[in-house]
Amino acid sequence: MVARSGQPTALSDAEIDRIFRALADATRRDIVRRTLSGEPTVSELASSYDMSFAAVQKHVAVLEGAGLVTKRRHGRERLVRGNPDTLRRAQSLLAQYEEIWRGRIDRLDALLAED
């Protein structure tokens, strides 16, 4: 979700947990990558991995629960599309953490330069 200012809205703790738990798995990260550049079917995704169709469906369900992908019906198929808005919101959170650490490093550099 994006605020009127054009900045992503803050994520709740539960959303953060779901997003990073979903992204902790390499297969799910690969599914997100594939669905950001196209809209494959679940069957197409399943053919890319050495696991059952049901296992891929479960991975997609976890990603969908985290808001990282959406599924839509097209005839008998389910198309999967990546959700860049959720990734932007997670990236914004990580950027905030980076600012905190860069500030600490800058203060440490300044303190060391005094001596």
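Leaving aside neighbours within four places in sequence, Val56 is in contact (heavy atoms within 4.5 Å) with Ile31, Val42, Leu45, Ala46, Tyr49 and Met51. This is a predicted model, in which local features need pLDDT of at least 70 and side-chain atom pairs count only at pLDDT 80 or more, while totals for chains, interfaces and linings use all residues. Residues are numbered from 1 along each chain as its sequence is written, and side-chain values use heavy atoms, with hydrogens and water left out.

Val56 belongs to the largest nonpolar core, which has 20 residues. Such a core is a set of buried (under 20% relative accessible area, 1.4 Å probe, protein chains only) Ala, Val, Leu, Ile, Met, Phe, Trp, Tyr and Cys residues joined through side-chain atoms within 4.5 Å. Ile19, Ile31, Val56, Val60, Leu63 and Leu68 touch the most other members. At least two residues each come from helices H1 (13-23), H2 (26-36), H3 (42-46), H4 (53-65) and H5 (84-114), helices being DSSP runs of H or I with at least four residues, numbered from the N terminus. H1 gives the largest share, four residues.

H1 and H5 pack at about 100°, with axes (lines fitted to C-alpha atoms over the stretch in contact; angles run from 0 to 180 degrees between N-to-C directions) 11 Å apart. The two helices are therefore roughly perpendicular (65 to 115 degrees). H1 contributes Glu15, Ile16, Ile19, Phe20 and Leu23 to the contact, and H5 contributes Thr86, Leu87, Arg89, Ala90, Leu93 and Leu94.

Along its principal axes, the C-alpha trace of the chain spans about 70 × 35 × 25 Å. Of the 115 residues, 29% count as buried.

Conventions. Buried means under 20% relative accessible area, exposed over 50%, partly exposed in between (1.4 Å probe, protein chains only). Angles under 35 degrees count as roughly parallel, over 145 as roughly antiparallel, 65 to 115 as roughly perpendicular and the rest as oblique.
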